[in-house]
Amino acid sequence: MENYFELNELKLRYWAGKFNVEITPLPQNNVSIGKSLSGSYVGSIEHVEFFTITENITIPEGYKAVSGKIGLTATHDGNAGYQEVEATIGDKHYNIGTWNIGSTSSVLTFGNSYINSVPASVTYSNYFVGTVNFSVKCELTQATIEQWKMENFKAIIDAYEDALEKYNQRLAEQEAKGVQIKGTNPGFYRQIENTVLRKNCISYLINQSPTAKNTYGKGGLTRYSDFTTFEVNVNQQLDDYTAFVKFIEQAFEWEIMSYYFYPFYWGNRSNWHKLYQYDETNDPLFRSFMQSGMARVIVTVRPGFEEAVRHYFQTGQIWNGGEVPVIDDELYLSIVDELRTPEGLPEGKAWVTRIPTSLTILQANSVGLKVEKALPCDCEGVNEDTFEDPSAIPCDTNFELYENITLNGGNATGTSKIGGKVVGTQGENVKILLKNIDGSVKDFTYISSDNGSWIIHNLPAGKFELIIDANNDLKETEYKIVSGQKANAVELEDNDVQEFTLEVEKL
């Protein structure tokens, strides 16, 4: 607050609590005061009897009279010819004709505001005795409100100046002892730098719109704000959001990223003076962070997440393992092929090397392979002159395959198929995904745009997991399932044909 004009009751309560100030409450804005007067005719019975009552109604200090009402009662002399009552309050006149003793039905608003007192009077004609009740509405004067603001503003400023003086005194005492209050653990500063730079880097990787599917700071994930009723909304939206958070936080090695701060003049020109003059820490790196106009950040992809990150950059979708999906994008395929096949020239002659593996299928005699040396390579087209020891090349003569052995419990000829329909999709391009029991991808397809049908051919016998709507295009918030289900366990036999239908309805 720059001055007392900005003060109101809300701000007053805030600052009074901040500095523990005892404040003067604002008087009630509107009050009503009343005055009852009575009189009677004293004298002989005449043709016209009358009497008058007058009074100044006192207005409370700090208030002004703005309106009033009048109520009357009286006993007449039986002569209706001259019966009348004239009443006045402030600058408003009220007349009651013959036999109409009563009260004003509406508020009489004064043309002028009355301070300290408001005049009131009544005259009865051809009445022996009468009573009048005056009711006056009062409001706080502007001067009273301004005075209240100034008094409380001064109390708050006085408390602030006392607190500031104590702070400066303690600061001077600590500095005299050689203690820098602004200093702190450097690790705390590194954590601040890392968090801020991480957030800015993530903003480059995502859609920053709050309504986007993959973004940060999403709402609608919880309900209720009270401690006893607060709950998390456990639904598909939460699953999608947590999967995205996990991917972004784990796919990159944020904890070991490196960065370099560029000077203040690369920032907004209007902030140069603030950036350059920052000197609230004795940590030189954090000072550079606070004074920098821009920063260069290098963050590496965590080993094992390379394919997932490439897939996300190309498609905007999270890939959590299994075979890389087939993307109908030549640029994407060419990049993957290029990275998987680095160019280079051979130096000298090759030699055969054995490397360890965790794949049990390579173990001798385990699943039908009788191995003497190693698994064979395709020796067709191999130039033996390019090897140091041509006899060490593992070719077809090095192994023997047992007969009548099948893998995955089924026939490798692939004579089975599954198919079905997805009804009511409203044009959504629904993905059908078939997984092996170990979670790896077996095959996938998309429904027909004409009638929603789909089919996967040449499948071996065995057990699989079928997921209809693998990309969650049919969200629970937009569609409801009428019949069928999205996740299905499939067990195929040779020459088997199975059908799965999912019917949904748009909400």
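Strands β16 and β17 (residues 441–446) pair in the antiparallel sense over five bridges, where strands are DSSP runs of E with at least two residues and helices are runs of H or I with at least four, both numbered from the N terminus. Two strands are taken to pair if DSSP finds at least two bridges between them. The model is a predicted one, in which local features need pLDDT of at least 70 and side-chain atom pairs count only at pLDDT 80 or more, while totals for chains, interfaces and linings use all residues. Residues are numbered from 1 along each chain as its sequence is written, and side-chain values use heavy atoms, with hydrogens and water left out.

Five of the six residues of β16 are buried, so the strand is largely enclosed by the rest of the structure. Buried denotes a relative accessible area under 20%, exposed one over 50%, and partly exposed the range in between (1.4 Å probe, protein chains only).

Residue K431 belongs to β16, which covers residues 431–436. K431 is buried yet has no salt bridge, and the nearest side chain of opposite charge, that of D473, is 9.0 Å away. For this assignment Lys and Arg count as positive and Asp and Glu as negative, whereas His and the chain ends are not counted. A salt bridge requires a side-chain nitrogen of Lys or Arg within 4 Å of a carboxyl oxygen of Asp or Glu. Leaving aside residues up to four places away in sequence, K431 touches F444, T445, Y446, I467, I468, D469, A470 and N471, a contact being heavy atoms within 4.5 Å.

Over the protein as a whole, eight helices and 22 strands are assigned. Of the 507 residues, 28% are buried. Among contacts with a separation of 6 or more, 70% are between residues 24 or more positions apart. The protein exposes about 33,100 Å², of which carbon and sulfur atoms supply 51%; these areas come from the Shrake-Rupley method with a 1.4 Å probe, and for residues only the protein chains shown count as cover.

An open sheet of four strands has the order β1-β8-β3-β6, with antiparallel pairing. Strands β1 (30–40) and β6 (108–115) stand at its edges with a single partner strand each, so one side of each is left without a neighbour in the sheet. Neighbouring strands of this sheet are turned by 30° against each other on average, direction ignored; the axes are lines fitted to C-alpha atoms, for helices over the stretch in contact, and angles run from 0 to 180 degrees between N-to-C directions. Eleven bridges join β1 to strand β8 (residues 127–140) in the antiparallel sense, and G34 has S135 of β8 as its bridge partner.

Another open sheet of four strands is ordered β2-β7-β4-β5, and its pairing is antiparallel. Its edge strands, β2 (50–58) and β5 (92–96), each pair on one side only. The twist in this sheet averages 10° from one strand to the next. Strand β4 (residues 84–89) and strand β7 (residues 117–125) run antiparallel and are joined by six bridges, with A120 in β7 as the bridge partner of I89.

The salt-bridge count comes to ten. One of them is between the side chains of K35 and E55 (4.0 Å, N to O). This pair links distant parts of the chain, with K35 in strand β1 and E55 in strand β2, 20 residues apart. K35 is partly exposed at 31% relative accessibility, and E55 is likewise partly exposed, with a relative accessible area of 31%. R302 forms a salt bridge with E255, the closest N and O atoms being 3.3 Å apart. Here R302 lies in the loop between β12 (294–298) and α7 (306–315), and E255 in the loop between α4 (236–251) and β11 (258–262), 47 residues apart. R302 counts as partly exposed at 24% relative accessibility.

In the salt bridge of K506 with E478, the closest N and O atoms are 3.9 Å apart. K506 lies in strand β22 (residues 497–506) and E478 in the loop between β19 and β20 (479–483), so the pair ties together parts that are 28 residues apart in sequence. Both count as partly exposed, K506 with a relative accessible area of 39% and E478 at 31% relative accessibility. R190, E193 and D283 are linked in a network of salt bridges.
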